[in-house]
Amino acid sequence: MSSNDKSTKPVKSTGLHVGEIKPGVAKKDPILIADGVRRQFGGLTAVDVEHVEIPRNAITALIGPNGAGKTTFFNLLTGFDTPNEGSWSFNGKSLAGVSAYKVARMGLIRTFQLTKALGLLTVMDNMKLGSTEQVGERLRASIFPFLWKKKDEEIEAQALELLTRFKLDAKKDDYAASLSGGQRKLLEMARALMTRPELVMLDEPMAGVNPALTESLLDHILNLKKEGMTVLFVEHDMHMVRHIADWVIVMAEGKVVAEGDPYEVMKNPAVIDAYLGSHQDLDLGTVTGRITLPTQGKEK
Ligand SMILES: Nc1ncnc2c1ncn2[C@@H]1O[C@H](COP(=O)(O)OP(=O)(O)OP(=O)(O)O)[C@@H](O)[C@H]1O
Ligand SMILES: [Mg+2]
């Protein structure tokens, strides 16, 4: 397999914000808006987001040091945790108090930093569980097989199509436990797409993924945007962030401390201070051994 020459240069979306760029800057077409979202664990304030907007049909990276509150913020936005205060809306609809399951049905889906594939189920069964359209699960309908049989076949066909796209179709009858870490990440992403989401939130999609799979994972993320979806992802690999993100939001100590175009944001002293610290000269992509980019020489 040839490597670098194959990766196409992503088409970046621009003109996403309105007015002066600062933390909390308004977006032209926000898909998600959060206001005053705070989450405390005992004496620790893990998330303290004054205002943030996520631009529609773009790829936004959420970066920040370990413990900045990125995963907690994901949990709050997707109904897996409840904030002490704050409001947030998706497509103009408030999500406060909406359960994770309903949030997924509304078109907002997330993956986990530590993959949640169920090892003792097959790859196909994991995919089917991702669907929010399982009529058979509803009691009344389950008594009448003709109501769910056709739907079940449709779900299986959709699952197979996605597995083929993610090159996991040959493994459909294997237990998820037999997959490599990277394949499990791919399965999680494929499963997330079963709900035909509008906004896909990925928590460290590249962590633990073998370099051989990173390129296809990057392409999959870029394809989501091409298909009209919005992506918000957490990532520590700055190469990947620069390569695919249209917009970057920086969190530190629970707060949004900077936002902007990836190249501009990484020059921001507040970001270097909060995130890159003394490692600013390090090539984080090389450190993690993940990717070599065709644009590398131009990044100075
Ligand atoms: N359930 C919990 N109970 C207590 N403290 C928690 C809990 N979840 C998170 N925290 C704390 O909240 C802070 C933010 O954690 P979080 O996992 O959101 O950070 P993160 O930005 O995702 O970090 P990383 O990059 O390491 O994944 C940390 O100090 C963490 O220890
Ligand atoms: Mg995290």
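Biologist: Which residues surround ligand 1?
Modeller: In this predicted model, ligand 1 has Phe41, Leu44, Ala46, Gly64, Asn66, Gly67, Ala68, Gly69, Lys70, Thr71, Thr72 and Gln113 around it.

Biologist: And which elements give two or more residues to that shell?
Modeller: Strand S2 (44–55) and helix H1 (70–77) do. H1 gives the most, with three residues.

Biologist: How does the shell around ligand 1 split by class?
Modeller: You get four nonpolar, seven polar and one charged.

Biologist: OK, on to the sheet. What's the order of the strands?
Modeller: It's an open sheet of four strands, running S2-S1-S4-S5, with antiparallel pairing.

Biologist: Which strands stand at the edges?
Modeller: S2 and strand S5 (93–94). Each has a single partner strand, so one side of each has no neighbour in the sheet.

Biologist: How many bridges join S1 to S4?
Modeller: Five, between S1 (residues 30–41) and S4 (residues 85–90), and the two run antiparallel. As one pair from S4 and its partner, glutamate 85 in S4 is the bridge partner of arginine 38.

Biologist: Switching to helices: at what angle do H3 and H6 pack?
Modeller: About 40°, and their axes are 7 Å apart. H3 covers residues 123–130 and H6 covers residues 181–193.

Biologist: Which residues make that contact?
Modeller: From H3, Val123, Asn126, Met127 and Gly130; from H6, Leu187, Ala190, Arg191 and Ala192. By class, the residues of the H3 contact with H6 come out as five nonpolar, two polar and one charged.

Biologist: Is the crossing left-handed or right-handed?
Modeller: Right-handed, as H3 passes H6.

How values were computed: Residues are numbered from 1 along each chain as its sequence is written. Chains are lettered from A and ligands numbered from 1 in the order in which they are written. This is a predicted model: local features need pLDDT of at least 70, side-chain atom pairs count only at pLDDT 80 or more; totals for chains, interfaces and linings use all residues. A residue is near a molecule or strand if its C-beta atom, placed from the backbone, lies within 6 Å of it. Ala, Val, Leu, Ile, Met, Phe, Trp, Tyr, Cys and Pro count as nonpolar, Asp, Glu, Lys and Arg as charged, and the others, Gly among them, as polar. Two strands pair if DSSP finds at least two bridges between them. Axes are lines fitted to C-alpha atoms, for helices over the stretch in contact, and angles run from 0 to 180 degrees between N-to-C directions. A crossing is left-handed if the near helix is turned anticlockwise from the far one by less than a right angle, and right-handed if clockwise. Two residues are in contact if their C-beta atoms, placed from the backbone, lie within 7 Å.
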